[in-house]
Amino acid sequence: MSHRIEKEFHGRPLIIDTGRMARQADGSVYIQYGETALLVTATADRKPARLPFFPLTVEYREKTYAAGKFPGGFIKRETRPGDKETISARQIDRPLRPLFPADYRNETQVVCFVISADQENDGDVIGMLGASIALGLSPIPWAGPIAGVRVARMDGEWLINPTFQDLEMCDLEIVVAGSEDSVVMVEGACLEATEEEFLEAMKVGQDAIVELIAIQQELFSAAGTPEKFEYERIGPASELVDRVTEEATQRVEEALRIPDKEERGRALGEIRAELTETLEEDFPECGSDVGTVLSKLEKQIMRSRILEDGVRVDGRGPNDIREITSEVSLLPRTHGSALFTRGQTQSLAATTLGTVRDEQRIDSVDVREETSKSFMLHYNFPGFATGEVRFFRGTSRRETGHGMLAERALQALLPPYEEFPYTIRVVSDILESNGSSSMASVCAGSLSLMDAGVPMRAPCAGIAMGLIKEGDQVEILTDILGVEDALGDMDFKIAGTEKGITAVQMDIKADGLPMDTLEDALERARAARIHILHEMAEALSSPRAEMSPHAPRIVTIQINPEKIGEVIGPKGKTIRMIQEETGAEINIEDTGIVMISAVSGEGGDRAREMVEAIVEEPEVGRIYRGVVKNTTDFGAFVEIIPGVEGLCHISELEEGRTERTEDVVKSGDEVKVKLLAVDDRGRMKLSRRAAMTSEDEG
């Protein structure tokens, strides 16, 4: 049976329609906001997968027909998801995942198809709402509902789900997801917002989330919700749990006092191997179950030690930051480079400066025309960073997400394109990882940009905060390790300058986290960020005044748009000639802005002179150095500006009478001539004799 709800939500119609599309899925919904619409489905296998983790997959796919477009490229169909689709899928996944039962292992898939795009409203937060509805209408065990909204600030006013056009004028943009009484996920960027402003944005988002959950509950009351299916609870036998706990507790406690990650992992591995061998006689094929019990035991002991003793796995206190070292200018041929190390997390960042031709072209259903991107940060996480052997395949979702977070953190601090017309690419290669490699990428990326001479507004650093919560006991952790992220209740990444926040990403596993706890975490993160910035400043405190000699130099000049054709020349002949002669690269915009880039400063200067000469307007009375293009019985035609010729009459070649033009000048000669006059038909009268007289007088 179909059910339809129509509501007004912050100035635009919200339509929710169920029971008409994709009816064989466990749950499905057509959801429309403005004229952007998604079909969202939820489906689950009824048999559990024998895996040590919950196999949830969220897919977010944009159909180009949604915006009345053809897919770009040679193959005219949608292929692998782009970065925007990947980021949106991760954004939807993160608030959904914690609400599934801990012992649920059935393979589950949520699919969001963008099937109409009005190019004003983003489909990602609509997909989050649709995913909650599809799961709520399905028999899949899930403890929703949740909802998500985009919060932005424009001219001091808060906006909920602003349009793409509005976002261009906003100084803060975050996506907030949560339940009726708590925030569970935040992600976004700011222009150095204060901690108080960020908290206010979260509260505004939470109020809007409550509205959306009320709409969902109205739908569920009308449509009814099926009983959740019974699933096979995957877990070790209670007898095995008791044996492992009895025999391993003390050894795990000792292993968790080893500060080094590799040694600690080796000790825990030995415990697992020995216990598996010991218990196999009574519990055949118990290897994976022993590992599961040990992981839970490790979590309990680690959390208890932090809450009761205030001591973390590596021996630090809750607010302690690991040792930090920074180096710059490591790589001799890159335009900028930096190595940032914090404890056992290390990022090598390299910055490359390019021209407009290096911009990334983006074809999306969210915009009316193809757009371009002049700043990119790419994050790579090879297996050796954690001591593992792993195949090199395509970029993972995690790599895309971490790179985008670091990119947002730094983008707010870059100079306007008009002042620094370079395409910028930063690559962060993670060489070691034990907690918050994305925030290490922010620090290394900031240093490499400054090393490249990019005039950033301020240096930027990032820190990851964690949380351990048991009942009323709460402990906030600064600079979390990988194990504290995996076994803790919060992963709160905050990047920014000494002045304010530029990017955030937060995931909360604990229920009902109060705002004052988040406020405390933000304040501790600010202190940590400032500490890291001071450590980074010992290597490089501000952008270099000079760029690398290997980086291109870009000169920008403005010409009359009507002269663009003259610079390009017939079939591009003129511009090609300039580029071949000088080694420079020339790009011309329709507005008449000419960007000349060259690694050689001399080549760039020569190219600029040649362009300026082409667009120069002839000036009566000025002396030009020209080239004789042709001689006749009555004089010589001299090119004084590329493409601009005038006649030097035979009587104006020299003092006295001249019998033959060739007696004075020949084709190809360089001569100085003075522009005497330009008639109403644009014909120019030149004089070599007058130029010689002027020089003699000078």
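A salt bridge here is a side-chain nitrogen of Lys or Arg within 4 Å of a carboxyl oxygen of Asp or Glu. By that criterion, the whole structure contains 55 salt bridges.

Some ground rules. This is a predicted model, in which local features need pLDDT of at least 70 and side-chain atom pairs count only at pLDDT 80 or more, while totals for chains, interfaces and linings use all residues. Residues are numbered from 1 along each chain as its sequence is written, and side-chain values use heavy atoms, with hydrogens and water left out.

I start with D479, which forms a salt bridge with R342; the closest N and O atoms are 2.9 Å apart. Because D479 sits in the loop between strand 19 (473-478) and helix 10 (482-487) and R342 in strand 12 (residues 336-342), the pair ties together parts that are 137 residues apart in sequence. Helices (H or I, at least four residues) and strands (E, at least two) are DSSP runs, numbered from the N terminus. D479 and R342 are buried, where buried means under 20% relative accessible area, exposed over 50% and partly exposed in between, with a 1.4 Å probe and protein chains only.

Next, K373 and E407, whose side chains form a salt bridge at 2.9 Å, N to O. This pair links distant parts of the chain, with K373 in strand 15 (residues 371-373) and E407 in helix 8 (residues 397-411), 34 residues apart. K373 and E407 are both buried. Salt bridges that share partners also join K84, D122, D124, R150, E173 and D366 into one network.

Now to helix 8 itself. How many of its 15 residues are buried? The count is 11, so helix 8 is largely enclosed by the rest of the structure. Among the buried ones are H402, M404, L405 and E407. The buried residues of helix 8 pack against helix 1 (83-96), strand 15, strand 16 (375-380), helix 9 (437-451), strand 20 (490-496) and strand 21 (501-508), contact meaning heavy atoms within 4.5 Å.

In strand 20 (490-496), D491 and K493 make a salt bridge at 2.5 Å, N to O. Both of these residues, D491 and K493, are buried.

Last, F637, in strand 26 (residues 635-641). F637 has 26% relative accessibility and so counts as partly exposed. Leaving aside residues up to four places away in sequence, F637 touches V627, V628, K629, N630, T632, E645, G646 and L647. F637 and C648 are 11 residues apart in sequence, and their C-alpha atoms are 6.2 Å apart in space.
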